[in-house]
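Here is a short briefing on one protein model. Please look over the sequence and structure first.

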Amino acid sequence: MNSTPYKVDNTPIYNVSMEDGVLGKANNNGTIIIDENLSAAQMQGVIDHEKIHIDQMKRGDLDYDDKYVYWKGKKYLRSEMQEGNKKLPWEAEAYRNA
C-alpha cells in the first residue's frame, strides 16, 4: 500500500524535569522532551509547538548545536539570543502554526 488514509506520527515524547521557564524542547534526534509538571492542556500545546520544530529540522531549515542555532543557512549565536523569543524566525513559524 503506497498511501494510508491517516497520518502516522511516531515522534517519541518524554516527560522530564526541565529548567525553570522551559516547557519543551525538540531534539536533533527527532524526540521531544516536555516538562513533567505541565497540565494536560499545556502539554498538548507544547507538543504541537515542538512538532513544528521537528518538522523544521526534517526539512533542513533548522538545526542547532551547543553554540549556534542554524536557520535556513544563517547562524545565530545562542549566547546572544533569548531562546524561545516569538520574534526569532523559527519560533515565529512555530507559534503561528501550532
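Y70 is partly exposed, at a relative accessible area of 26% (buried is under 20%, exposed over 50%, partly exposed in between; 1.4 Å probe, protein chains only). Y70 forms a tilted aromatic pair with Y68, 6.0 Å centre to centre and 45° between the planes. Rings of Phe, Tyr and Trp (its six-membered ring) pair if their centres lie within 6.5 Å; planes under 30 degrees apart are stacked, over 60 edge-to-face, the rest tilted.

**Basis and confidence**
- This is a predicted model: local features need pLDDT of at least 70, side-chain atom pairs count only at pLDDT 80 or more, and totals for chains, interfaces and linings use all residues.
- Residues are numbered from 1 along each chain as its sequence is written, and side-chain values use heavy atoms, with hydrogens and water left out.
- The protein averages a pLDDT of 92, and 96% of the residues score at least 70 (pLDDT is the predictor's confidence in each residue, from 0 to 100).

**Aromatic pairs**
- The whole structure holds three aromatic pairs.
- W71 and W90 form a tilted pair, 6.3 Å centre to centre, with 50° between the planes.
- W71 lies in strand β5 and W90 in helix α2, so this pair ties together parts 19 residues apart in sequence. Helices (H or I, at least four residues) and strands (E, at least two) are DSSP runs, numbered from the N terminus.
- W71 counts as buried at 8% relative accessibility, and W90 counts as buried at 5%.
- W71, Y76 and W90 make up one aromatic cluster.

**Core**
- The largest nonpolar core has 16 residues; among those with the most contacts inside it are V69, Y76 and W90. Such a core is a set of buried Ala, Val, Leu, Ile, Met, Phe, Trp, Tyr and Cys residues joined through side-chain atoms within 4.5 Å.
- β3 (32-35), α1, β4 and β5 each give two or more residues to this core.
- α1 gives the most, with four residues.

**Helix α2**
- In α2 (residues 89-97), the buried residues are W90, E91, E93 and A94.
- They cover an arc of only 160° around the axis, which puts them on the same side of α2 (the arc is that of the directions from the helix axis to the C-beta atoms).
- These buried residues pack against α1 (40-58), β4 (62-64), β5 (68-71) and β6 (74-77).

**R78**
- R78 sits in the loop between β6 and α2.
- A polar side-chain atom of R78 lies 2.6 Å from the backbone oxygen of D65.

Methods: Contact means heavy atoms within 4.5 Å. A polar contact is a pair of N or O atoms within 3.5 Å; within protein, one must be able to donate a hydrogen and the other to accept it, and residues adjacent in sequence count only if both atoms are side-chain atoms.
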